[in-house]
Amino acid sequence: MHFDVISLFPEMVIQAASYGVTGKAIENKIVGLSAWNPRDYTTDKHRTVDAKPYGGGPGMVMKYQPLADAVTSAKNSQNCQNKKVVYLSPQGKVLNQALLSSITDDTEQLILVSGRYEGIDERFIETICDEEWSLGDYIISGGELAALVVIDAVTRLLPDVLGDENSAKQDSYSDGLLEFPHYTRPEKLNQGNVPEILLSGNHAEIARWRTKQALGRTWQKRSDLLKHNKLTTIEHGLLEEFKREVQLRYRNE
Ligand code: 9D3
């Protein structure tokens, strides 16, 4: 997978991606990352990347030509077939794990366009971008953080990026449930004790307890996730058991 980010702040993207899982994946050449500054594709003395909106109104709009030429350079830098140009914007389709997962299947070069200012010229979106993606219904100041979110989330899904121990398969959301609770040393704190079952060494019982907790917490905190998740008979039973335990605790308080 090769990522290309079109951005007025290329150093921000390269720097932030150099840490942790993405940094390792770049080091190990499992992914490539390049950033392209539209300012380098301007032709005027002032290196102008933005201009006032036709029709008036506040803010500035990013010009078509520097963005288009930056995308062309990015495309020409990679010899591959399956390229996708994505504009990151509040008008886009809201990202989810399934959408990101589909990218790992069919895309070799993912070109992420990060906007600044009020927006970018509509003709660039219409003629050059294949898709428009959003992080969700809130406002951030530009597309760079969104590009970084996409790079991180897609990289984690690639084979050989995560070790077996914490593979993406075990992450919450891969099975549509929230995670079970985690505990580490010490066993006892004034703030509470580690659940007995986790100290038992009974791996079958521990797995059963964890699945029950994952189902229960999803029911408590994100019941919307359960609506789209067909539970098996066993899972249904575990969730009912969780609900009974919550009831009992409530009655004893
Ligand atoms: C204050 C400006 N807004 C007018 C009400 C419009 C606006 C312009 C540019 C709002 C946000 C942005 C910059 N945002 C992004 O580039 C962006 C984004 C977001 O703001 N929310 C969720 N996902 C994304 S992806 C890119």
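The model is predicted, so local features need pLDDT of at least 70 and side-chain atom pairs count only at pLDDT 80 or more, while totals for chains, interfaces and linings use all residues. Residues are numbered from 1 along each chain as its sequence is written, and side-chain values use heavy atoms, with hydrogens and water left out.

**Around the ligand**

- The ligand is surrounded by 16 residues, counted when a heavy atom lies within 4 Å of it; the closest are Leu135, Tyr138, Ile140, Gly142 and Gly143.
- By class, this shell holds nine nonpolar, six polar and one charged residues. Here Ala, Val, Leu, Ile, Met, Phe, Trp, Tyr, Cys and Pro count as nonpolar, Asp, Glu, Lys and Arg as charged, and the others, Gly among them, as polar.
- Strand S5 (83-94) and strand S8 (131-134) are the elements that give two or more residues to the shell, and S5 gives the most, with three. Helices (H or I, at least four residues) and strands (E, at least two) are DSSP runs, numbered from the N terminus.

- On the side-chain side, a polar atom of Ser134 is 3.4 Å from a nitrogen atom of the ligand.
- Of the 570 Å² of accessible area that the ligand has on its own, the protein covers 71% (Shrake-Rupley method, 1.4 Å probe).

**The pocket**

- The ligand takes the space of the second largest pocket, as more than half of its atoms lie within 2 Å of the grid points.
- A pocket is an open set of points on a 1 Å grid over the protein atoms alone, where a 1.4 Å probe fits, with protein on both sides within 12 Å along at least five of seven lines; lining residues have an atom within 4 Å of a point.
- This pocket has a volume of about 390 Å³, the space filled by probe spheres set on the points.
- Its lining has 24 residues, with Tyr87, Leu88, Ser89, Pro90 and Ile140 nearest the centre.
- S5 supplies the largest share of the lining, five residues.

**Backbone features**

- The peptide bond from Arg185 to Pro186 is cis, with omega near 5°; Pro186 sits in the loop between helix H6 (144-157) and strand S9 (188-189).
- Arg47 has a positive phi of about 55° although it is not a glycine, and is found in the loop between strand S2 (32-36) and strand S3 (50-51).

Terms used: A polar contact is a pair of N or O atoms within 3.5 Å; within protein, one must be able to donate a hydrogen and the other to accept it, and residues adjacent in sequence count only if both atoms are side-chain atoms.
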